[in-house]
Amino acid sequence: MPSGTDAPLHPVQHHAGIDAMTGDLVRQVAAVLDTAIRARGSALLAVSGGSTPAPLYRALSQLDIDWARVTVLLVDERWVEPGEAGSNEGFVRETLLTGKAAEARFIGLKTADPSPFDAAVGLAGRIQDAGRIDLAVLGMGNDGHTASWFPHARGLEAALSAEGPPVAAIEARPSAVTGDHLLRMTLTRAALTQARHVLLMIRGKDKLAALEAAHAPGPVEDMPVRALLRDAALPLEIHWTD
């Protein structure tokens, strides 16, 4: 990691395994949701797909949170139907929206439109109506993407804009990370920078190396997670385990 004046704005918190990270974060997420419900009568939780947050979601689903007052919003989605391979909605329904959390309201990002570019305007109003995100759970790929902000993707400029709609359509460049799912819908930087809390969950030495690369100088378009890492005002916490 850089040091001195080049030290990261958001230091990495290391955990002794996935169980330790899950235990720490489940208490933190629950506290944020409870605080939001007490203060405003509801809470908005934005969640990502991927294997790393799955234990966190399963643990949350068993907690005595007032889930009927919680709305769960996807951070991003592949342009596939719920239940099909790769669907983040299907993943979240299986891991989080079960048990006690089955009472939560859910907002997905897949519509009946033929592409995310056709759906973006209509979805933007729906997401804006949901209000300000209380907590967002993000991941990061080895290519430096987060949400569906893929390097040099079509739509990336809109997704990384600090102002504008809360969602953007993306067409990623083919890569080992994207697989066949190039069309995506994603929350934008404008939406995520308004969140009250943002957690970036990372697992594995390869991801830690990618994070170190993202902290180094270079274009945001090469590693879009830099848009968050370089935002001093963002309430971002980075959590890593091997």
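This is a predicted model: local features need pLDDT of at least 70, side-chain atom pairs count only at pLDDT 80 or more; totals for chains, interfaces and linings use all residues.
In strand β8, Arg 184 is the bridge partner of Arg 78. Strands β4 and β8 (residues 183–187) are joined by three bridges in the antiparallel sense. They are part of an open sheet of three strands, ordered β4-β8-β7, in which the pairing is antiparallel. At its edges stand β4 (76–78) and β7 (167–171), each of which pairs on one side only. From one strand to the next, the twist of this sheet averages 20 degrees.

The other pairing in this sheet connects β7 to β8 through five bridges, again with the strands running antiparallel. Here Glu 171 stands opposite Leu 183 of β8. Although β7 is an edge strand, four of its five residues are buried, so the strand is largely enclosed by the rest of the structure. Helix α4 lies across β7 and β8, and its direction runs at about 160 degrees to β7.

A second open sheet contains seven strands in the order β1-β10-β9-β6-β2-β3-β5, with parallel pairing. Its edges are formed by β1 (12–14) and β5 (105–107); each has a single partner strand, so one side of each is left without a neighbour in the sheet. The twist averages 20 degrees from one strand to the next. Within this sheet, β6 (residues 135–138) and β9 (residues 198–203) run parallel and are joined by three bridges. Val 137 has Leu 199 in β9 as its bridge partner.

Helix α3 (residues 88–95) packs on it, touching β2 (43–47), β3 (70–74) and β5, and its direction makes about 145 degrees with that of β3. Helix α4 (residues 116–130) lies across β2, β3 and β5, running at about 145 degrees to β5.

How many of the eight residues of α3 are buried? Six of them are, so the helix is largely enclosed by the rest of the structure. The buried residues are Asn 88, Glu 89, Gly 90, Phe 91, Val 92 and Thr 95. Their cover includes β2, α2 (54–60), β3, β4 and β5. At the N-terminal end, α3 is capped by Ser 87, a side-chain oxygen of which lies 3.3 Å from the backbone nitrogen of Glu 89.

Beyond its neighbours up to four places away in sequence, Leu 96 touches Leu 45, Val 47, Tyr 57, Leu 60, Ser 61, Trp 67, Val 72 and Ala 101.

The loop between β5 and α4 holds Thr 111. The side chains of Thr 111 and Asp 113 are joined by a polar contact of 2.6 Å. Leaving aside residues up to four places away in sequence, Thr 111 touches Trp 79, Glu 81, Ala 119 and Leu 123.

Charged side chains supply a further set of links. Side chains of opposite charge can pair when their charged atoms come close. The structure holds eight salt bridges. One of them joins the side chains of Glu 81 and Lys 110, at 2.8 Å from N to O. This pair links distant parts of the chain, with Glu 81 in the loop between β4 and α3 and Lys 110 in the loop between β5 and α4, 29 residues apart. Glu 81 is partly exposed, at 39% relative accessible area, whereas Lys 110, at 17%, counts as buried. Salt bridges that share partners also join Arg 40, Asp 134 and Arg 196 into one network.

Arg 27 is exposed, with a relative accessible area of 55%, while Asp 24 is partly exposed at 35%. Arg 69 and Asp 66 form a further salt bridge, their closest N and O atoms being 3.1 Å apart. Arg 69 counts as partly exposed at 43% relative accessibility, and Asp 66 is partly exposed at 35%.

Note on methods
Residues are numbered from 1 along each chain as its sequence is written. Side-chain values use heavy atoms; hydrogens and water are left out. Contact means heavy atoms within 4.5 Å. Two strands pair if DSSP finds at least two bridges between them. Helices (H or I, at least four residues) and strands (E, at least two) are DSSP runs, numbered from the N terminus. Axes are lines fitted to C-alpha atoms, for helices over the stretch in contact, and angles run from 0 to 180 degrees between N-to-C directions. A polar contact is a pair of N or O atoms within 3.5 Å; within protein, one must be able to donate a hydrogen and the other to accept it, and residues adjacent in sequence count only if both atoms are side-chain atoms. Buried means under 20% relative accessible area, exposed over 50%, partly exposed in between (1.4 Å probe, protein chains only). A salt bridge is a side-chain nitrogen of Lys or Arg within 4 Å of a carboxyl oxygen of Asp or Glu.
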